[in-house]
Structure formats: C-alpha cells, structure tokens
Amino acid sequence: MQFSSKLLEQAVDEFGRLPGVGKKTALRLVLHLLKQPDGEVSRFTGSINDLKEHIRYCRTCFNIADQDTCEICSASKRDHETICVVEDTRDVMAIENTNQYQGVYHVLGGLISPMDGVGPTDLKIDALLERLRTGEVKEVILALSATMEGDTTIFYLYRKLKDFNVQISTIARGIAFGGELEYVDELTLGRSIATRVPYERNN
Ligand SMILES: [Zn+2]
C-alpha cells in the first residue's frame, strides 16, 4: 500500500494491528475518522485513553469493572455459593445474557496453553483456590470452551479443586459448536448451564 502521507500510514498501521482488521479495513476506518468533526474524534480517543487508564479488575472475580468490586460480586441477591469459572469477560457477558444464572463468576484471564507459553501461574487459579478456602462456596461450574486448551485447563482445575468440599460441574460442552462460549446462542448456553453435570460423571 502506497501512502501519500506518513501520518496516514502510521494511523492505518495502528488500526491494522487490531484483531480481525486488515489493511483495507484499517484504511477505511481511518478515512472515516478523518471526515468526522473534531469533537467526535476527541471522544473516540478519550474513551480509549479512559479505558486503559481507569478500568479495573474486580478483586474477587477479576471481571472487568469500574470499581474494586464488580456489580455481580457486590450484589446480595446473587448466589455467592456458586462460582462459574470462565476464560474471559466475554464469557461473563454471554452467560449474563442468558438470564439463567444467578451465581457469581471467576475470570481466569485465559486458558492453559503450553504452545502459547501460558501456564497455570499466568491465570487467576490461586485466587480461585483462595476463594474456596473461605468455605462459603458449594459448587464450582467449569464453563470453559470445548478446545484442547479448555480441556487441559479443566483437568488441571479438577485436580486442584477435588480436595475441597465443593461440587465440581461442567456445562454440556458438546453443544459448544465452534468451541468458543461467546458464539453459542443464548438459549443453548442458558440450557447447558441449567442442565450442568457433575464433572466426574461426565468423564
Ligand atoms: Zn467480581
């Protein structure tokens, strides 16, 4: 791609770094921004700056939040005896959209993946075990994607969790078409959470 301006090229390069955005799309986005009034562009860049600067992670479940404790963890009407373990915040959003789950969450921040150099200590696993040590939790639902990394992580977690006095469940992952939880439709995901099964019996 030949650019008539270094600044244009630089902006296109930055947009092109985003996942799923090719050079052509990046150019289209940048040209679109150029056409916007100044206020619009400032709002756009401002929201990105705010995001990085002010966003927090809930100190209990590690979901993205605006406060030290997220709205789900601080809600008294949620069932704090049930923890649903997920890979990232997109899964929390997908499960919340089903309106079928009243428990709380624990966001691992990824899956164990030796190929990508992600080991158990890179994830919020110790923090999960810490939550179980309070004795308040009765059930842990492992809602991880039906991929090799998901399987590896579930097996690792199971070995860590089995010594605690908690029920360990998994969601019906056979239905997770394409693997990722976020792509499963709400009805199917909601049903699979409602009909979750004990891990031991499932495997
Ligand atoms: Zn939280």
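Helices, of type H or I and at least four residues long, and strands, of type E and at least two residues long, are runs assigned by DSSP and numbered from the N terminus. With that in hand, let's look at this predicted model: the protein has 9 helices and 7 strands.

Here are some overall values for the protein.

| Property of the protein | Value |
|---|---|
| Span of the C-alpha trace along its principal axes | about 65 × 35 × 35 Å |
| Share of the 203 residues that are buried | 27% |
| Share of contacts between residues at least 6 apart in sequence that join residues at least 24 apart | 55% |

Now let's zoom in on one stretch. UniProt, in an unreviewed entry, lists residues 58-73 as "zinc finger region: C4-type". Over residues 58-73, the chain is 19% helix and 12% strand.

You'll find Cys 61 in the loop that runs between β1 (56-57) and β2 (64-65). Is Cys 61 buried or exposed? Cys 61 has 25 other C-beta atoms within 10 Å, so Cys 61 counts as buried; the cut-off for that label is 20 or more.

Which residues does Cys 61 touch, leaving aside those up to four places away in sequence? They are Cys 70, Ile 72 and Cys 73, along with Val 104, Tyr 105, His 106 and Val 107. As for Met 148, Cys 61 and Met 148 are 87 residues apart in sequence, and their C-alpha atoms are 24 Å apart in space.

Conventions. Residues numbered from 1 in each chain as written. Predicted model: local features only at pLDDT ≥ 70, side-chain atom pairs only at ≥ 80, totals over all residues. Buried ≥ 20, exposed ≤ 12 C-beta atoms within 10 Å, placed from the backbone. Contact = placed C-beta atoms within 7 Å. UniProt positions renumbered as here; feature names shortened; annotations may be inferred.
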